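The entries follow the order in which I looked things up.

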Amino acid sequence: MFSKILIANRGEIAVRVIRTCKKLGIQTVAVYSEADADSLHVKWADEAYLIGKPRVSESYLNIEKIIEVAKETKAEAIHPGYGLLSENPMFARRCEEEGIVFIGPTADIIASMGSKIESRKTMVEAGVPIVPGISFPLQDVEEAVKTAETIGYPIMLKASAGGGGIGMQIVKNEEELRKSFEGNQKRAASFFGDGAMYLEKYIENPRHIEIQLLADHHGNYVYLWERECSIQRRHQKVIEEAPSPFLDEETRRKMGETAVQAAKHIGYTNAGTIEFLVDEQKNFYFLEMNTRLQVEHPVTEEITGLDLVEEQLRIAAGERLRYTQKDIQRSGHAIEVRIYAEDPKTFFPSPGTITVFQLPEGEHVRNETAVTNGMAVTPFYDPMIAKLITKGENRQEAISRMLQALDHYQIEGIKTNIPMLKEVLSHPEFQAGHTTTHFVNTHLYKSLEK
Ligand code: MV4
């Protein structure tokens, strides 16, 4: 096992990774920007190094600076967290070149799964169902129109380098396609530096259900069941839960086995997540593969009893998985809400100084946060300031514990999305498990901007 690792991240995930390192007796090195000098991950790390100005481009995204600190501190490995450099193949490549263990898959796998077209091709070869559509980049709008005829409208126009719904558009007919193709291509090119576009059949009323995977360097693969992440607003996940209220045992098992089949085909290592779109008939289609630990990993930890960061560290250190698929438990129900520093009416970020911060405590309540009383929430970083997770014997109990916990969540000095979270969780359609990706727009439209 490593004796010292560097955490190339900030906020709640950096604090969370450090917590597991302490549990395993691993020394930790934090990196921070000028805006994070008093932050929790700096306080909790054994060593901390200032790497630049508040803007991420001048600090947390500075690959060479982070590599330099890792070399100077003799950190054997780097945990990238999520976001930031966690899925940047160049960062993983630079770690490989410097003999620093990147806690995640190889740079090649990160690169290939980062291209939606490439990953679709790979999944077809692996025999994994993909959303009906094409797996090559469209040359121009004429080819898009011809291709759309073969798929049949409505279709989904997507950017290959895209994610989070950027460069994506539902297109109902040829006229709309002619009007929107170039705009999306240009947006993708400027946002991702890659304007490659492709088409898929539009799946009406889908759910976003993802499978957590672990794979070691000895050819062992397990799936850790699913997470339902359909409650999203503008492609930002807001509530996640495990297990999904929609799946039956047979579909759950088939999705898990399909995800393992995909991971085996590409020779995946470490933690990864395969996102599926699931239609109303419970057909599931590969959407994309995330090669990092995800924000919502705690709900999987709560129902399996595993510490996913510990599993990542053990795998990266060359250990064999200590269990096989039959050993993976699934008990109870867990729900996570993401708490954003944003105005509940406009959803604009709401930075400021936190004057009151009182977390709900309890046996079935888990808090993941990096903010404390008196801390300034700055506009430089993602407005998610905390995650709240509750566990119950069943979904209803997890929901009622979450509502109770939210009632006891005290944050003053900034606005948060807690009112919206309460509205979703107490909505009869949510409580009935009718959680498709249209939930927010359909049921909360009255109080939310579209
Ligand atoms: C889709 C889709 C329907 N049909 N693809 C892809 C990125 C992800 N954040 C949203 N994506 C979707 N891709 C096809 N062919 C619907 C969505 C979608 C969605 C999917 C899951 C969860 C929330 C969503 C919200 C809007 C659209």
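The entries below start with the ground rules and then go place by place.

**Ground rules.** I am working with a predicted model, in which local features need pLDDT of at least 70, side-chain atom pairs count only at pLDDT 80 or more, and totals for chains, interfaces and linings use all residues. I number residues from 1 along each chain as its sequence is written, and my side-chain values use heavy atoms, with hydrogens and water left out.

**Ligand.** I listed the residues around the ligand and found 15, of which Lys158, Glu200, Lys201, Ile203 and Thr437 come nearest (near: a heavy atom of the residue lies within 4 Å of the molecule). I then looked up polar contacts (pairs of N or O atoms within 3.5 Å). The side chain of glutamate 200 has an N or O atom 2.8 Å from a nitrogen atom of the ligand. For lysine 201, a backbone N or O atom is 2.8 Å from a ligand nitrogen. For isoleucine 203, a backbone N or O atom is 2.9 Å from a ligand nitrogen. The ligand taken alone exposes 520 Å², and the protein buries 90% of that (Shrake-Rupley areas, 1.4 Å probe). I noted β6 (155-159) and β8 (197-201) as the elements giving two or more residues to the shell (strands are DSSP E runs of at least two residues, helices H or I runs of at least four). Domain 2 (132-201) and domain 3 (207-448) each supply at least three residues of the shell; the domain bounds come from an automatic or database assignment.

**Second largest pocket.** I read its volume as about 160 Å³. A pocket here is an open set of points on a 1 Å grid where a 1.4 Å probe fits, with protein on both sides within 12 Å along at least five of seven lines, and lining residues have an atom within 4 Å of a point. The lining includes Glu96, Phe102, His217 and Asn270. Why does this pocket lie between domain 1 (4-103) and domain 3 (207-448)? Both domains give residues to its lining, so the pocket lies between them.

**Backbone.** I found a cis peptide bond from tyrosine 153 to proline 154, with omega near -5°. Proline 154 sits in the loop between α7 (141-151) and β6. The bond from alanine 242 to proline 243 is cis, with omega near -5°, and proline 243 is in the loop between β11 (236-242) and α9 (249-266). Leucine 84 is not a glycine, yet has a positive phi of about 40°; I placed leucine 84 in the loop between β4 (77-79) and α4 (89-97).

Terms used: Points joined across faces, edges and corners; volume = space filled by probe spheres on them. Polar contact = N/O pair within 3.5 Å; in protein donor to acceptor, adjacent residues only side chain to side chain.
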